[in-house]
Structures are given as structure tokens and as C-alpha cells.
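Thanks for coming. I will go through one model, and the sequence and structure are on the screen.

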Amino acid sequence: MKLELLAALNAERAARRPVVVVTDVDRGDQRLVKAAEFASDALHEELDRHLRMGKSGMIDVAGRQLFLTVHAPVARLVITGAVHISQALAPLATSLDYDVTVVDPRTAFASPERFEGIKVIAAWPDEALPPLGIDRYTAFVALTHDPKIDDPALLHALSRDCFYIGALGSRKTHAKRLDRLKGQGATDAQLGRIHAPIGLPIGAVSPAEIAVAIMAQITAELRLPRRAAVSENAA
Amino acid sequence: MLSRDDDILKTAEAWRRAGHGVALATVMETWGSAPRPTGSHLVINDDGTFLGSVSGGCVEGAVVTEALDVIEAGKPRMLEFGVADETAWNVGLSCGGRIRVFVEKIA
């Protein structure tokens, strides 16, 4: 590997942009494919498959053995609401290798004792979320049930290219939420990105089961082929 | 795990910039119960110092030796370790898996 290629690779990784190194195994030559070039690359189907899975691997192209070294950024989960469900969700997501942050301005909820080993920020979303740099490898969930906290957080998430947005609440609660967010300038395309009621329908009852339902839905959004590439572009 | 790979590649760049001969080893194929997934890296410099892993510690010694040759010769090579392979038997990939490791020089 050439030093320039390695340096470019490290720069992409540091910026949390996905990047793939393509190595011709027999000839030893290599090239770097950056995120902006994925769609137009001759190997884009293979790149897409490997990127979604975050997996490196060998592919055969016209009798040539090519190795794809995939560098996907570590997925992150940002939660507003240091609530009971979050106490189950944060360690579950951590065990799935997510980098987890919990945001809640209520210091009694956002205490380190309630979230051992988890990054907790006791501040309002307006202040806490922008520095986190929510990106397309970030999942965002709003769990407080309190519009004062969840609404501004959702508006921020909707302005960013995160791969998942979910909000807790019944259909009725969610309908009211959509009205409020619309009143604050959110478009229909943006609002369509919110998964609510949150989580896959598995009949979850306890906070831990709801956490499983949420995490399963997040996993599907991360790993399955993009169903809504169009709506993503629209948003 | 990914952040560790990040450290490995940053270290590779830093060593090279400091004037070291450096080789990068990458797990390219695995069969059976291989301990480290494809894409895992091990970086080696000309002092024999290394960071990262391509197996659970079973074949690192052999990879480091080969890497020193690659730094010298400059040409990449593919190594294969597995229970069917005499070298690997000697080195001892105890899990019973097989792996192919690509070793290349950072030029």
C-alpha cells in the first residue's frame, strides 16, 4: 500500500466517512473508493452490499480476485430521555458495538449512577445535540414523552442525515407530534422518516422488551437494502 | 474493534513517516472457526514491533517473520494457515480454522 493511499484512508476514517480499499490480490495494486464515489463506481453493487454489512471480503470480477477492505464508521445511537427504556436500550446498543450517548436536561434522570459506563449529557437538546455531529451512521431515538425535550431533538435529527429516527408514543400521541413539528417548519418528507410508534411490532411490554424492539428496527435500517433511497434524497 | 483498527492504520502511517520500514497484514479469507474476521489488520515495523492481530495470537509470530521479508523485498505475498497446513500445525491454529493473510509493504 502506498503511503499516500494510507494517509487518505486515515483522513476519511477520522472524518467518519465510509471508505473502501480495493486490492487486486494477484497484481497487488490498490485504489481507494471514497463515499462520494460509491454510486458511480463500477463495483457499486458489491460496495453497497459490503458497506451495509460493514464486512470486508473477497470478490471475483471477471476472473480477477479483488479484496474489499471496508471501513465503515462505528455506528452511534443518540437517545433523548434518560428514562427507564433508555436504561435497557443503552447497554443493549453498547453490546451491539454502538457508541451510545444519552441526552436529558433533567439532572435527576441523567445521572451517571443510572447509566453506568454510558455517556450521559445533562443538557437541553438544543445545546447538547449539535456538537455530537449526528451523521448517516447515527441512529436517533426520542424517548422522553415530553414535547419540550423530544420536539427540538427531533427537529435537529430531521435536519441531519441519520439512518434511523424513532420516537416513543402511541399513534395518537404521534399524530399530535406531527402537527406540532409541522407547525415548526418540518416537511412531510422529513416527518415520514420518523418511526412511530417506535420499534418493530413484537408485542413488547417491559422497557427491556421495548428496547429489543427498537434495536431490532435500528438493525434492519442499518443492514437491509435501502428501501427509501428516494425519500432520503427528498428529505 | 473498529476503533482499534483505526489505531493500527494510524500507527502504520506514523511509523512510515518516522522512516521505518512497515508492512501491513490483512486477513483476506477465513474458513471454519477463524478467530478474527476478514479485514482484520496487523501492522509490523522493521524493529519487529507490531500492533493488531490476524488471529487470536496463534500465527502472529509467523506473520511477523514473513512481514520482515516483505519489508526487505517489497513484493506483497499471501500466506495461508490452517490445520491441513504443516506450518500452521507447527504454529498451531488451535481453533481448527483456516485463514489467508495478505502481507504488503507500505511504500
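**Two chains, one predicted model**

I start with chain B, where 48% of the 107 residues count as buried, buried meaning under 20% relative accessible area, exposed over 50%, and partly exposed in between, with a 1.4 Å probe and protein chains only. Before going on, the conventions: this is a predicted model, local features need pLDDT of at least 70, side-chain atom pairs count only at pLDDT 80 or more, and totals for chains, interfaces and linings use all residues. Residues are numbered from 1 along each chain as its sequence is written, chains are lettered from A and ligands numbered from 1 in the order in which they are written, and side-chain values use heavy atoms, with hydrogens and water left out.

Chain B has three helices and five strands; these are DSSP runs, H or I of at least four residues for helices and E of at least two for strands, numbered from the N terminus. Along the sequence their order is α-β-β-β-α-β-α-β. Of the contacts in chain B with a separation of 6 or more, 52% are between residues 24 or more positions apart, where contact means heavy atoms within 4.5 Å.

One residue in chain B: Arg98(B) sits in strand β5, residues 98-105. Arg98(B) is partly exposed, because its relative accessible area is 32%. Its C-alpha atom is 5.5 Å from that of Phe81(B), 17 residues away along the chain.

**Chain A overall**

Chain A has nine helices and 10 strands. Along the principal axes, the C-alpha atoms of chain A fill a box of roughly 60 × 40 × 35 Å. Buried residues are 49% of the chain A total. For contacts with a separation of 6 or more, 58% in chain A join residues 24 or more positions apart. The accessible surface of chain A is about 11100 Å², and carbon and sulfur atoms own 55% of that.

**Cores of chain A**

Which residues touch the most other members of the largest nonpolar core? They are Leu77(A), Tyr98(A), Val141(A), Leu143(A) and Ile218(A), in a core of 27 residues. A nonpolar core here is a set of buried Ala, Val, Leu, Ile, Met, Phe, Trp, Tyr and Cys residues joined through side-chain atoms within 4.5 Å. At least two residues of this core come from each of β5 (76-80), α3 (84-95), β6 (99-103), β8 (138-142) and α8 (207-223) of chain A. Helix α8(A) gives the most, five residues. A second, separate core has 20 residues, including Leu129(A), Phe140(A), Cys162(A) and Ile194(A).

Back to Leu143(A): beyond neighbours within four places in sequence, its contacts include Ile79(A), Val83(A), Leu89(A), Leu168(A) and Ile214(A).

In helix α2(A), residues 44-53, the buried residues are Leu47(A), His50(A), Leu51(A) and Arg52(A). An α-helix has 3.6 residues a turn, so residues three or four places apart point the same way. The buried residues of α2(A) pack against β1 (19-24), β2 (30-34), β3 (57-61), β4 (64-71) and α8 of chain A. Just after α2(A), Gly54(A) has a positive phi of about 65°.

Leu5(A) is in helix α1(A), residues 3-14. Leu5(A) is buried, because its relative accessible area is 14%. Apart from neighbours within four places in sequence, Leu5(A) contacts Val21(A), Gln30(A), Arg31(A) and Leu32(A).

**Backbone exceptions**

Most residues other than glycine have a negative phi, and most peptide bonds are trans. Ala62(A), in the loop between β3 and β4 of chain A, has a positive phi of about 50°. Ala62(A) counts as exposed, because its relative accessibility is 79%. His145(A), in the loop between β8 and α5 (147-158) of chain A, has phi near 70°. The peptide bond from Ala196(A) to Pro197(A) is cis, with omega near -5°.

Conventions. Accessible areas come from the Shrake-Rupley method with a 1.4 Å probe; for residues, only the protein chains shown count as cover.
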